[in-house]
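Please examine the model shown here, and then work through the questions and answers that follow.

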Amino acid sequence: MPSSLLMEVPALADFNKAWSELTDWLSLLDHVVKTQIVTVGDVEEINDMIIKQKATSQDLEQRRPQLEELITAAQNLKNKTSNQEARAIITDRIEKVQTQWEEVQGRLQGRRQQLQEMLKDSGQWIEAKQEAEQILEKAKVKLESWKEISYTVDALKRQNADLKQFVKELRQWQINVDVANDLAQKLLRDYSTDDTRKVELMTDNINASWASINKRVGEREAALEAALRLLQQFYLDLEKFLAWLTEAETTANVLQDATYKEGILEDAQVVRELMKQWQDLQAEIEAHTDIFHSLDESGQKILKSLEGSEDAALLQRRLDNMNFRWNELRKKSLNIRSHLEATSDQWKRFHLSLQELLAWIHLKNDELTRQMPVGGDVPTVQKQNDTHRAFKRELKGKEPVIMSALETVQMFLADQPLEGLDKLYQEHRELPPEEQPQNIARMLRKQVDDVKTEWEKVNVRSVDWQKKLDVTLERLMELQEAMDELDLKLRQAEAIKGSWQPVGDLLIDSLQDHIEKVKAFRAEIAPFKENVTHMNDLASQFPSNDIHLSPYNLNRLDDLNTRWKLLQVAIEERLKHLHEAHRDFGPTSQHFLSTSVQGPWERAISPNKVPYYINHETQTTCWDHPKMTELYQSLADLNNVRFSAYRTAMKLRRLQKALCLDLLSLSAACDAFDQHNLKQNDQLMDILQIINCLTTIYDRLEQEHNNLVNVPLCVDMCLNWLLNVYDTGRTGKIRVLSFKTGIVSLCKAHLEDKYRYLFKQVASSTGFCDQRRLGLLLHDSIQIPRQLGEVASFGGSNIEPSVRSCFQFANNKPEIEAAIFLEWMRLEPQSMVWLPVLHRVAAAETAKHQAKCNICKECPIIGFRYRSLKHFNYDICQSCFFSGRVAKGHKMHYPMVEYCTPTTSGEDVRDFAKVLKNKFRTKRYFAKHPRMGYLPVQTVLEGDNLETPVTLINFWPVDYAPASSPQLSHDDTHSRIEHYASRLAQMENTNGSYLNDSISPNESIDDEHLLIQHYCQSLNQESPLSQPRSPAQILISLENEERGELERILSDLEEENRNLQAEYNRLKQQHDHKGLSPLPSPPEMMPISPQSPRDAELIAEAKLLRQHKGRLEARMQILEDHNKQLESQLHRLRQLLEQPQAEAKVNGTTVSSPSTSSQRSDSSQPMILRVVASQTSETMGEDDMLSPPQDTSTGLEEVMEQLNNSFPSTRGVPPEKK
């Protein structure tokens, strides 16, 4: 919007700001709606998103009044301005924001409707998917139940019938799978903008499993058909083969008979004819070799199926007969060939034949060697297995030839001895050595042995190689199956991992859900470790058997192991990032508290989770929240309140409002405590537990008071305050009881309800409380004013006197009940008086009194009203009263009554009667009847009261004569030393920067005034050069007299101790003189029966003396310790005072921290007697006891005059207020 328009129409700036905020919020909401995607098919996630959409719609509706107000403001602006440009801009912006509102609302409604439809469709798909998965499971069980194919007619018929029934069922189940696929396709089509990877993955898995089942069914069907055909054809082929075998045997027998006729070999023509017939026979044998092997293999399969039956035995006999006849046929054929080829050079033919066989065996041996080594994957080993089966068939086919040749040669050698060989070779020529008969026989025998040996070797190697191939193939298939199973599982897991959204895109509220899902996913894939281990164990067996896996298998192993490791790493990284995000941004994190500070401040967290704050402008850090620091500085304005009880209460009231605890009811606080299971009060709470409980409390307050509570700021400041009160060392832990005490003390509840709740926290299950647990409660309670530097006025930080006071009130019972505790608290004990005063301050805040302050003339009086009980119609407001201002003719110590609520007519009459009575009472009467507005307690050293005889409600005036000031005992002196030491410790902790005119915030009222008196006297008596510069120097000036006082006390105690020792020695000598047994030393003294009245008297007297001596020694020890402490503290004070003036501000400056705020004099408040029923207090002054008696006649005349003025003769007309 142009700046000229903003200057011309100032109201446009506010409109423009409101319009910008609303449009920005709508844009953000629109962006959130667009980016909030869900996992299609995840019903739980869809339901969560629907709930979030409902909440978003509610937020939008709650903002509708803001839109309407903006439209109304725009209409008013258009009516007020005549600038057409401004009117046009306003109209345009209103139209835009309305359009944007309607678009967002429409998008929300559309998205909500879409989610509802998605929920319905997803539910239907999940049901269909579950049905499909059940069907798949049934089908897998059926497949696993299938037995191996049996090669019997009945078994094949049964298996075939089962298969057909299963196929029929599959056709019916196909409908369910199709329904699941159709619903999945609908989800993928209609909700493509959302995350559909889950649906895609599950659909692909279902379809893959279904396809695998159908494939196995098809293979089973084909195998059954092949088995049935084989069974049907086997017996026909067998009969046909046996018929051929019979014919071949007949042919072979005829040919053999013809070959072995005498002289047949001499006719070359006949030999050639017989050789041709043999070749025809051998061709037929070779043509039927494959048929024989096929029948043999099929027969073995059928035998396996018929195992144990009569048909198996019959078939086995037929197969054995077939094998025997086949082998005999081949032998006959070979013998016929050998006989036909027999000539005069027969040994040469044997020699060449054996050489050929030996060469063939060597060739096969080399071929077997080339088949090695075993392959490293299933296809390679299967190929090797097929090759070796063919190799074995060759060996089996060659075996009859080799056996026949060996037998023929052996028969030749047996039938033709050396003599026969000599006759056979009677040629008249010189034979070479190798052809001599002896060498021929030896050579043939050697060749036979070589053929036998090599043949046996090649067969053994073949068998071993086959075993190795079978074992390796089995292991490789097992390894492949393990790798396939692991690969499938990893792919499914990786698909789920791939569907993970980046952690930065997740909603904060869903972080915990995602953490749980990832943990469940990690538990789900944990069994994968067994698969990986099993796979690696299988792979490790191969190298030990000298088998090297193929590069493909090795790469796949590495890939699967790497994927498994990467999956584990991804899960751990995911969990780590989710935990970090949940820690930094989740509901239990402190991230949402970072908005509690603005620049240049930044909220940081120490290792123990304690927050601290960094100022980047000054490059400094501090424990206190910037707003808390400002609050503490503002509390310094209340230091002008002269009465510590009211000063403390007003500070606490301001703190209570700043923390919004004045909005918190006790029931809401209790609900939050119970919700977070804060039942063990002795347990420690860490920072996160405190933040969680505080967040619950303030979230509820925000719902009830939306415009008053800033949750991050309130949680952070309340945490800051609790740590300041109960964890000054910033350890990061406070007790549950301390947490409850702090919250309940400042919450909104009736006073007695707070007392009851706090007592219940320390009481036992029987409802009684002992001294120790009451001490814990009072200790935690007194820390609240202590943190404000006001603890001195409430009896100090030592709670033992208060505990003793309570139990003395209960007649020294070992335990007290709630009723006694409430009665004692109604007396407002000194250590707890600040709490009821806080309630009266809160009650008086809104009180409006129809009276005029006689000092500042304020009318009406807001807050406390103080009515004089010495003069008629004399009122003072709380500001004048707290500051000690008085009007002429009225003194501060005059008795007054306090009202925190408007007065009634009855109270007016009662006060008038009291004024009337006080006119006739002398100061001596008030001196004899002092009234105290609280229950005082005594110090731990059992001396006089640490406070003066007047108290928080009953104070002496500031201008009393020095002679009338109460005298302090030695115990008070040492208590004051304790306060000085406490103050000094605080000063040292802050490097001496807090030395000011209130050197000790914890000192008693009289101590403070005693310092002020000495200060004033020194100003009146000494020269300016010798005047002390601060109360700290006044304290040093008192060193000599206090030290002398202590030395006198010590000397008196030492003298008394010497007298007691001399008396004890005298009694002991008398005892020994009378012949009695020697007295034991005091610690060893045991009660004995006296031998005479005189002995009993002496023993009793000695016992009393010992007890008195013990008390005196203990007291002397205490005083000596305090004396040493005093010397140490005074020495340190001197060191501090000697520092340069620039380092220690000793000129009376006031600091803003509440822990070091200056303690104002509390002795100027009049004596106030509270009237509980009307919440008022009656006060009387000290001056009445010091001034001479009044003239009674003068007082009577004044009273009569006031009566005439107050009650005029004219009735019915109210008197004019003066």
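Q: Is Ala 604 buried, partly exposed or exposed, and what is its relative accessible area?
A: This is a predicted model, in which local features need pLDDT of at least 70 and side-chain atom pairs count only at pLDDT 80 or more, while totals for chains, interfaces and linings use all residues. Residues are numbered from 1 along each chain as its sequence is written, and side-chain values use heavy atoms, with hydrogens and water left out. Buried means under 20% relative accessible area, exposed over 50%, and partly exposed in between (1.4 Å probe, protein chains only). Ala 604 is therefore buried, with a relative accessible area of 12%.

Q: Which residues does Ala 604 touch, not counting residues up to four places away in sequence?
A: Ala 604 lies in strand S1, residues 601–605; strands (E, at least two residues) and helices (H or I, at least four) are DSSP runs, numbered from the N terminus. A contact means heavy atoms within 4.5 Å. With residues up to four places away left out, Ala 604 touches Val 610, Pro 611, Tyr 612 and Ile 614.

Q: What share of the residues in the protein chain is buried?
A: The protein chain contains 38 helices and 14 strands. Among its contacts with a separation of 6 or more, 75% are between residues 24 or more positions apart. Of the 1218 residues in the chain, the buried share is 45%.

Q: At what angle do the axes of helix H22 and helix H25 cross?
A: Two packed helices are described by the angle between their axes and the distance between the axes. Here the axes are lines fitted to C-alpha atoms over the stretch in contact, and angles run from 0 to 180 degrees between N-to-C directions. The axes of H22 (residues 711–726) and H25 (residues 771–787) come within 8 Å and cross at roughly 105°. Angles of 65 to 115 degrees count as roughly perpendicular, under 35 as roughly parallel, over 145 as roughly antiparallel and the rest as oblique, so H22 is roughly perpendicular to H25.

Q: How do the residues of the contact of H22 with H25 divide into nonpolar, polar and charged?
A: On the H22 side, Trp 721, Asn 724, Val 725 and Tyr 726 meet Asp 780, Gln 783, Ile 784, Arg 786 and Gln 787 of H25. Ala, Val, Leu, Ile, Met, Phe, Trp, Tyr, Cys and Pro count as nonpolar, Asp, Glu, Lys and Arg as charged, and the others, Gly among them, as polar. The residues of this contact divide into 4 nonpolar, 3 polar and 2 charged.

Q: Why is helix H26 described as largely enclosed by the rest of the structure, and what covers its buried residues?
A: Helix H26 (residues 800–809) is largely enclosed because 7 of its 10 residues are buried. Those buried residues are Pro 801, Ser 802, Val 803, Arg 804, Ser 805, Cys 806 and Phe 807. Their cover includes strand S6 (768–769), H25, strand S7 (816–817) and helix H27 (818–826).

Q: How many disulfides does the structure hold, and how far is the nearest cysteine sulfur from that of Cys 806?
A: A disulfide is a pair of cysteine sulfur atoms within 2.5 Å, and the structure holds 0 disulfides. Cys 747 is in no disulfide, and the nearest cysteine sulfur, that of Cys 670, is 7.9 Å away. Cys 747 is buried at 2% relative accessible area, and Cys 806 is buried at 0%. Cys 806 is likewise in no disulfide; its nearest cysteine sulfur, that of Cys 769, is at 8.0 Å.

Q: Where does Pro 860 lie, and what is the omega of the peptide bond that joins Cys 859 and Pro 860?
A: Most residues other than glycine have a negative phi, and most peptide bonds are trans. The bond from Gly 599 to Pro 600 is cis, with omega near 5°, and Pro 600 lies in the loop between helix H17 (551–585) and S1. Pro 860 is found in the loop between strand S8 (848–849) and strand S9 (861–862). The peptide bond joining Cys 859 and Pro 860 is also cis, with omega about -5°.

Q: What is the phi of Cys 660?
A: Cys 660 lies in the loop between helix H19 (644–658) and helix H20 (666–675). Cys 660 is buried, at 8% relative accessibility. Although Cys 660 is not a glycine, its phi is positive, about 60°.
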